[in-house]
Amino acid sequence: MNKTILITGANSGIGKETARQLALLDTTEKIYLVCRNLDRAILAKDDLEKSTGRSIFEIIIMDVANIDCVKDALKYIYDPIDAVILNAGGLAGNSPEQITKDGVTFISASNLLGHVVLVEELLKLGRINNTVLFAGTEAARGVKVLGVKRPELNNSVQEFTSILNGQYFGDSMDNMEAYSLVKYIGALWISYMAKQHPHIQLITVSPGGTQGTSFTKELPFFQKFMFDYIMMPFLLPLMGMTHSLQKGSQRFVDSIQDPTLSNGGFYASKEKVTAGPMVDQSSFFGSLKNEGFQKNAYDAIQSFLA
């Protein structure tokens, strides 16, 4: 039973809607809203209290792209947490290639490295009871119809390291490619961690092609226009490639309460779509269950935390 839940990136989009749905469950007693901006967090908290009729939300200010900020924020988390939802991230705005003081790109820091530190520190403190859910993406295993290729990697520590520090991309980083590769490394990390902590359920779950999020605002102008005004409202729904914000968030809500999901698994849509029923992605993307690749992903991440 998940009484206390922590959600990163909780002031808008999928994070906020997930918080709303969880607050409507009688079993939920406290929800930590982890956000970067205090003003936006307060607005989200007020709106959630009005829409759910419950005062169970507590704000934690944390920039997951900043490791020091992550560690500092932990002193405000007093309670054991039943479920942690690692939702924050995205395409990292106009500077995904910017290198942080920890030596990784901003897109790597905001989607993965900060979450790694958060989980590891909570585990050291013994404050995670049941579940850790990492927000994945179908782009990590490729979506041919959307022009997103499946990663063709040697899956070595060196290659994963070069993705995280940006060297893999040379002088020109494509936001979507970088995002999908970082999320792929994250899914492998979750699988490795699941083996080290078998008493906790660690899973990757993609919300799928979800409408009503701010994801497209970080795309180049032409891509943003195509997604917002042509593909999202018309073409993609007809192809079974999108669903509502409520359905995307429901995946998270259902998954943290589902003990039948395999520990370390990556759950998302079927192979050729980005909406509809979820399946274990390793059933058609074998690299995800390669224990050597999982260890390599973990080692690459740890090289920036040593």
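In what order do the 8 strands of the open sheet lie? The order is 3-2-1-4-5-6-7-8, and the pairing is mixed. This is a predicted model, in which local features need pLDDT of at least 70 and side-chain atom pairs count only at pLDDT 80 or more, while totals for chains, interfaces and linings use all residues. Residues are numbered from 1 along each chain as its sequence is written, and side-chain values use heavy atoms, with hydrogens and water left out.

**The sheet**

Strands (E, at least two residues) and helices (H or I, at least four) are DSSP runs numbered from the N terminus; two strands pair if DSSP finds at least two bridges between them. Select strand 3 (57-61) and strand 8 (278-280): each stands at an edge with a single partner strand, so one side of each has no neighbour in the sheet. On average, neighbouring strands of this sheet are turned by 20 degrees against each other, direction ignored.

Next, select residues 4-8 and 30-35. These are strand 1 and strand 2, which run parallel and are joined by 5 bridges. Thr4 stands opposite Lys30 in strand 2.

**Helices on the sheet**

Angles run from 0 to 180 degrees between N-to-C directions, and axes are lines fitted to C-alpha atoms, for helices over the stretch in contact. Contact means heavy atoms within 4.5 Å. Select helix 2 (residues 38-52), which lies across strand 2 and strand 3 and runs at about 165 degrees to strand 3. Then select helix 4 (residues 106-124), which packs on the sheet and touches strand 1, strand 4 (81-86) and strand 5 (128-135). The direction of helix 4 makes about 175 degrees with that of strand 5.

**A pair of helices**

Select helix 1 (residues 13-23) and helix 8 (residues 245-255). They pack at an angle of about 65 degrees, with their axes 8 Å apart. Helix 1 is therefore roughly perpendicular to helix 8 (65 to 115 degrees). Among the residues that meet here are Ile14 and Leu22 in helix 1, and Phe252 and Val253 in helix 8.

**An enclosed helix**

Finally, select helix 5 (residues 157-164). Is this helix largely enclosed or open, and why? It is largely enclosed by the rest of the structure, because 6 of its 8 residues are buried (under 20% relative accessible area, 1.4 Å probe, protein chains only). The buried residues include Phe160 and Ile163. They pack against helix 4, helix 6 (175-196) and helix 9 (291-302). Just after helix 5, Gly166 takes a positive phi of about 90 degrees.

Conventions: Parallel < 35°, antiparallel > 145°, perpendicular 65-115°, else oblique. Buried < 20%, exposed > 50% of the residue type's maximum accessible area, 1.4 Å probe, protein only.
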